[in-house]
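Student: Could we go through this model together and check what stands behind each label?
Tutor: Gladly, let us take a look.

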Amino acid sequence: MAPLGRPCCDFRMTSILTYTFKNLPSTSKWALRFSVRPLSCSSQLRATPAAQTKSKKTLAKPNIRNVVVVDGVRTPFLLSGTSYKDLMPHDVARAALLGLLHRTSVPKEVVDYIIFGTVIQEVKTSNVAREAALGAGFSDKTPAHTVTMACISANQAMTTGVGLIASGQCDVVVAGGVELMSDVPIRHSRKMRKMLLDLNKAKTLGQRLSLLSKFRLNFLSPELPAVAEFSTSETMGHSADRLAAAFAVSRTEQDEYALRSHSLAKKAQDEGLLSDVVPFKVPGKDTVTKDNGIRPSSLEQMAKLKPAFIKPYGTVTAANSSFLTDGASAMLIMAEEKALAMGYKPKAYLRDFVYVSQDPKDQLLLGPTYATPKVLEKAGLTLNDVDAFEFHEAFSGQILANFKAMDSDWFAQNYMGRKTKVGLPPLEKFNTWGGSLSLGHPFGATGCRLVMAAANRLRKEGGQYGLVAACAAGGQGHAMIVEAYPK
């Protein structure tokens, strides 16, 4: 692997990768524009938070209700196949709801609506929001629905709640998300499903025997869910590898960024900064109190891993990718006047937000690049106004490719229809308590974790504005401005 600071070597590697992939006609020219830039991630491990600018303008809008986050919690995020493996998704979601009730002491009857996000649905509890709410003791008169938007499902749950409150339909909404990758639905093949359904309809022994005579052993081959695009049949990891190559992001850079994420997460965990995590007594097992995927390693150990998706030249590995995760999150969202009337001191305002969509083949993971300038313009802010950045880390290569795209006038002009770049988020303000690479990424729950991390960081560091952004399958993305509530 080429060392940092050697653009020509990295360009040669990019050229090899591009040639190998043979499916980068629209993006291979990106590599001509993007050279390796050392990020010095390791130096950020010792960096103290940047001094925050106080007393900026508020983003309140006339004649629109202020929507606030009273508080938010999450279960510990665990590697799939560990302590949550014998549970169902609604069990984990219920734990998050119970944790929220305990944290906020909100009366259940005050909650007007419950919305949860999830991605890979358990067929028995397809509306997992409703099942979790009933299990947590909410009234059967409280409506609940479930949304899905890949990795931004919880973001969609939150903003749906914001809309309900801002429009005056509700005063109090609980939004959250859940994912249980330990037990994903594995289906019979379509031929087997068809035979079973036809057998159920058969009325005579002769009809049943006729159907059974058509059975073949390959009917038993199961259909496994995959983290892949339906429209392109490409796995997300493969797409991340192509994206990293197109933007000339080296393996060393990716490993360095992943090490930064794990190291900062471990530091935050040890210092008690991850205050959104609530203990979960797993039935029949011990109480789980903290995330178990935070594992700082070394660049030397990480370099020994082989590529996970594109072999042998790929740069995305298990060490610089987010891992399959089980977990749930929940937030109490209210109209400001309702929260104050109930005696609450909110943590933050939920302000402007945007959703974006791009080409799911070559720009699958560039949602933050497209969403960030739009949400900043909508809020009347600049990148310099933001005190805390919380971006979803699907892969190190995805984060670093977004950095390069955001810092490129050429990309802004040729792909985004913009005159100038939005700029590069400063690392000293970026995911300083770790991110999805280290904390974990339950697909349907990450959005709430991002917002609560931004709100809690602003509260601790004295900042005013946080920017949350995430990519998602389908080439979609989301960004939101979080404003600290005055102390």
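**Labels and their cut-offs**

Tutor: Lining the largest cavity are R74, L273, L274, S275, D276, E390, W433, G434, L439, R449, A453 and N456. This is a predicted model, in which local features need pLDDT of at least 70 and side-chain atom pairs count only at pLDDT 80 or more, while totals for chains, interfaces and linings use all residues. Residues are numbered from 1 along each chain as its sequence is written, and side-chain values use heavy atoms, with hydrogens and water left out.

Student: What makes a space a cavity, and what makes a residue part of its lining?

Tutor: On a 1 Å grid over the protein atoms alone, a cavity is a set of points where a 1.4 Å probe fits but cannot get out, and lining residues have an atom within 4 Å of a point. The structure holds 6 cavities of 30 Å³ or more. The largest has about 70 Å³ of space, where a volume is the space filled by probe spheres set on the points, joined across faces, edges and corners.

Student: How do the residues of that lining divide by type?

Tutor: Into 5 nonpolar, 3 polar and 4 charged. Here Ala, Val, Leu, Ile, Met, Phe, Trp, Tyr, Cys and Pro count as nonpolar, Asp, Glu, Lys and Arg as charged, and the others, Gly among them, as polar. Helix 16 (residues 446-461) gives the most to the lining, with 3 residues; helices are DSSP runs of H or I with at least four residues, strands are E runs of at least two, and both are numbered from the N terminus.

Student: Why is A150 called buried?

Tutor: Buried means under 20% relative accessible area, exposed over 50%, and partly exposed in between (1.4 Å probe, protein chains only). A150 has 16% relative accessibility, so A150 counts as buried. A248 is buried too, with a relative accessible area of 4%.

Student: Why is helix 5 described as largely enclosed?

Tutor: Because 10 of its 14 residues are buried, helix 5 is largely enclosed by the rest of the structure. Among the buried ones are S153, M158 and I165.

Student: How do you know what span to expect for helix 5?

Tutor: The expected span is 1.5 Å times one less than the number of residues. Helix 5 reaches 20 Å from its first C-alpha to its last, close to the 20 Å expected.

Technical notes. On a 1 Å grid over the protein atoms alone, a cavity is a set of points where a 1.4 Å probe fits but cannot get out, and a pocket is an open set with protein on both sides within 12 Å along at least five of seven lines; lining residues have an atom within 4 Å of a point.
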